[in-house]
Amino acid sequence: NFTSAALMRGTQRHNFQEIYDLLESNGASLGFDCGTHSTSFGGKALAEDLDLLLSLIAETLRFPVFPPEHVERLRTQLLTSLAIRAQDTAEMAILTLDQILYANHPYRNPEDGYPETVQAINRQDLLACHQIGYGPRGMTIVIVGAIEPQQALDKVAQFLGDWQNPQQILEPELPATQPLEKTTLNKVDIPGKFQADIVIGAVGPSRFSSDYMAAAIGNNILGQFGMMGRIGEVVREQAGLAYYAHSNLSGGIGPGPWSISAGVDPANIDKTVALITQEIKKFGETPVSQQELSDTQANFIGQLPLSMESNGGVASALINLERYRLGLDYYQKFPDIVKAITIEDVQQTAARYLIPDRLGIAIASP
């Protein structure tokens with residue numbers, strides 16, 4: 001984690017707080033993305049301070065020192081976070097679902113690791129990882145704001161143009177996921193808690209899948225729109241079984257989970273699982289209404305310009321164009337892409353991924 005420590009080159013010492021001290025100022029926004037599963041950098045500053053942002057990211061990426069005292073400080077912070085995670089029913093339910101759905105896949109492992117893995121990493125591991133993992137190949141830089149395009153190109157060339165790393169390896173292709181053959185339930189006991197958290201789901205599409213937009217619209221109807229869609233309406237509002245209930249679709253470079261989450265009284269676990277499973281079955285078998293589809297399409301289209309009202313929003317949008325190879329005209333075509341999704345597309349996509357008798361069910365409770 002480069003951003004968590006002061007990084008030194010020669011007699012210079014810079015800390016990323018220098019960047020964050022500029023966050024409230026208006027001017028240029030910079031986004032950084034390296035590789036497919038990415039390490040990212042972002043900052044905001046006055047346009048005249050762009051040199052500072054670029055010099056800091058260039059120094060950090062190319063010449064990290066990983067001072068031992070900072071490595072140990074970060075290790076302590078991570079171990080504290082993992083101890084907190086182990087007592088968090090929502091976090092442990094999500095972790096458990098990943099272990100069910102991705103039993104023989106890298107996505108089984110959490111990004112923040114486990115106590116034993118964090119304890120085992122040493123400074124030489126960090127240096128070795130940096131040597132083979134960081135370089136200019138696969139890197140995307142986006143600059144948005146009060147700067148001319150050619151000037152931006154010149155500045156990037158100034159700070160990063162001579163960067164080479166012949167030892168850099170590109171990330172290997174992800175292995176295929178193996179669908180569950182039957183519904184699988186795992187439970188984690190966390191003594192002393194008063195709430196249980198349930199996460200039910202299956203492996204969904206990646207962002208590259210042709211049916212991703214249909215899945216995204218379906219997910220919005222299922223458990224996002226309004227009062228958390230159908231799941232929120234049925235499980236929380238009508239049945240009164242949950243403190244919260246919603247669905248989530250998290251496809252990116254690889255196929256993320258399509259899941260439904262609920263926080264409940266432990267006495268209501270069985271009823272909630274049965275009701276959510278019933279709604280999943282219904283969603284794949286019964287067409288959504290034209291009103292549900294039209295409302296969600298209008299919501300998607302209406303959110304797009306709002307997401308680009310800031311320099312940071314535009315930078316994020318441009319990064320996504322590159323990361324997911326959407327094409328430079330994607331946002332111009334976006335309304336037509338959304339409007340092209342039909343009721344049949346939503347139903348068929350839901351039935352393809354959310355198979356009622358092949359779900360992962362994760363429960364963390366006292």
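The following legends describe close-up views of a predicted model.

**View A. The largest nonpolar core of the predicted model comprises 48 residues.** Ile-200, Met-213, Ile-217, Val-235 and Trp-258 are the members with the most contacts inside this core. Helix α8, spanning residues 212-223, supplies its largest share, eight residues. A second, separate core contains 15 residues, including Leu-50, Ala-58, Tyr-134 and Leu-160.

**View B. Surroundings of Ile-200 in the largest nonpolar core.** With neighbours within four places in sequence left aside, Ile-200 is in contact with Trp-258, Ser-259 and Ile-260, with Val-273, Ile-276, Thr-277 and Ile-280, and with Leu-359, Gly-360 and Ile-361. Of these partners, Trp-258 is itself listed among the residues with the most contacts inside the core.

**View C. The second largest pocket has a volume of about 590 Å³.** Its lining consists of 24 residues, of which Arg-207, Tyr-212, Phe-300, Tyr-330 and Phe-334 are the closest to the pocket centre. Two or more lining residues come from each of the elements α8, β8 (242-249), α11 (290-307), α12 (311-323) and α13 (330-339). By class, 13 lining residues are nonpolar, ten are polar and one is charged.

View D. Arg-85 counts as buried because its relative accessible area, 9%, falls under 20%. The side chain of Arg-85 forms a polar contact of 2.9 Å with the side chain of Asp-112.

Key:
Residues numbered from 1 in each chain as written. Predicted model: local features only at pLDDT ≥ 70, side-chain atom pairs only at ≥ 80, totals over all residues. Heavy atoms only, no water. Core = buried A, V, L, I, M, F, W, Y, C linked by side-chain atoms within 4.5 Å. Buried < 20%, exposed > 50% of the residue type's maximum accessible area, 1.4 Å probe, protein only. Helix = DSSP H or I, 4+ residues; strand = E, 2+ residues; numbered from the N terminus. Contact = heavy atoms within 4.5 Å. 1 Å grid on protein atoms, 1.4 Å probe; cavity = no way out; pocket = protein on both sides within 12 Å on 5 of 7 lines; lining within 4 Å. Points joined across faces, edges and corners; volume = space filled by probe spheres on them. Nonpolar A, V, L, I, M, F, W, Y, C, P; charged D, E, K, R; others polar. Polar contact = N/O pair within 3.5 Å; in protein donor to acceptor, adjacent residues only side chain to side chain.
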